[in-house]
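Every answer sets a value against its definition.

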Amino acid sequence: MSQRARRRLDRRATKERGGKEARQERPEASKATLYRLLFRVVLRRLPAETAHRVGFALIRVAGATGAAGLLGRWLGPRDPALRVRALGLEFPGPLGLAAGFDKDARATSGLGALGFGFVEVGTVTARAQPGNPRPRMFRLPADRALVNRMGFNNEGATAAAARLRGRRGRPGGRRRGRPVVGVNIGKTRAVPEAEAAQDYAASAQAVADVADYVVVNVSSPNTPGLRDLQAADRLRPVLVAVRAALDAGAGEGRRVPLLVKIAPDLTGPDVDAIADLAVELELDGIIATNTTTSRDGLASSAAEVAAAGAGGLSGPPLRGPALAVLQRLRARAGDRLVLIAAGGIQTPDDAWERLAAGATLVQAYTGFIYGGPLWPRRMHAGLARRARAAGPNGDWSREDG
């Protein structure tokens, strides 16, 4: 065959592949449009926390029935290009759901069936607490953002652990039909800072035998004084106590990976200090980042922003600060820590940018709220295309941690 004929066949094959991908994407685009219409006409008219409860109830129902297995086969990541091994665990895809959506570990099966590669539950505290008064969650649609001041409302670490204990499969191993599940732990509001280490340790002890990994949350802006624990000298005793509690409660022969979640509002030297401490204490990783207290650069009107009030801002406005913290952590710690990127991830390009910047995994919350139930599938499909286009040198599916 002549080179001209071969090139002609190659062009035809490329065109056919492109047409096939376009045909596959058109139904997904139509479903995304339907969700946007539903959001605009119905969900947007409900208070944000009410809309969350409605959607969450549907996800719980799906996870509690035989539909979870069917949904998982349709929506779950199956492309080998998406697989990640990190923290000693196998992830079917790099996109996970950040803490805050499933506070009490009630819907891990349903969320896994929607296509998340992992689900982080919580934040849970050692004692049950109601959180802040309502309303405490607000939308800024012009920015596709959320403001929340939930305040760690949850039923307590022991209650969450009991639900997770009912799941089938051993923590740390691959279990058919459920995602990797991490547990995010925070400080009980009523506990003084002087007792913070013991309080975190109590939560860690409660979940040690059921969590695939544990995250120490010292970065929520909605518990007074919590962010002060990000100072290295105050953070050290918390992390040491949690590590000891996990080792005591995990069971013989098992080590629970431990990470810390930090804020996007830290100064550069503070980020460096946390990275150095994490390396020194042999933590497994850092999540970068939590929500921000900044309101800079918003498209929403001043009146809308004022009506939302205090709390953590999430969504696209967080993209720049979260990326900057991730890049600083990678420059400081290299590959000695597993970095999980969160904050402002809405599109496959956003996620790919974080992976290229040194993250091994990515998490999202607000993107899911605005993107709808098929959003995890679309995200993983987009990441798979980018991974294949990048070739072996662009593949993040390496072993970390």
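Q: What makes two strands a pair, and what counts as a strand?
A: Two strands pair if DSSP finds at least two bridges between them. Strands (E, at least two residues) and helices (H or I, at least four) are DSSP runs, numbered from the N terminus. Strand 10 (residues 285–288) and strand 12 have 4 bridges, in the parallel sense, so they pair by the definition. Ile287 has Ile340 as its bridge partner in strand 12.

Q: What kind of model is this, and how are residues numbered?
A: The model is predicted: local features need pLDDT of at least 70, side-chain atom pairs count only at pLDDT 80 or more, and totals for chains, interfaces and linings use all residues. Residues are numbered from 1 along each chain as its sequence is written, and side-chain values use heavy atoms, with hydrogens and water left out.

Q: Which strands form the closed barrel, and in what order?
A: The barrel has 8 strands, running 3-4-7-8-9-10-12-13 with parallel pairing. Its twist averages 25° from one strand to the next (axes are lines fitted to C-alpha atoms, for helices over the stretch in contact, and angles run from 0 to 180 degrees between N-to-C directions). Strand 8 (residues 213–217) and strand 9 (residues 258–262) pair over 4 bridges. There, Asn217 stands opposite Lys261.

Q: How do you know that strand 13 pairs with strand 3 and with strand 12?
A: Count the bridges. Strand 3 (residues 95–97) is joined to strand 13 by 3, and strand 12 (residues 338–342) is joined to strand 13 by 3. Both pairs run parallel. Gly96 stands opposite Gln363, Ala341 opposite Val362, and Ile340 has Leu361 as its bridge partner.

Q: Why is the crossover from strand 12 to strand 13 called right-handed?
A: The chain goes from strand 12 through helix 11 (residues 348–356) to strand 13. With the strands pointing away from the viewer, a path from the first strand over the helix to the second that runs clockwise is right-handed. This β-α-β crossover is classed as right-handed.

Q: Why is Asp102 called buried?
A: Buried means under 20% relative accessible area, exposed over 50%, partly exposed in between (1.4 Å probe, protein chains only). Asp102 has 1% relative accessibility, so it counts as buried. Asp102 lies in the loop between strand 3 and helix 4 (108–113).
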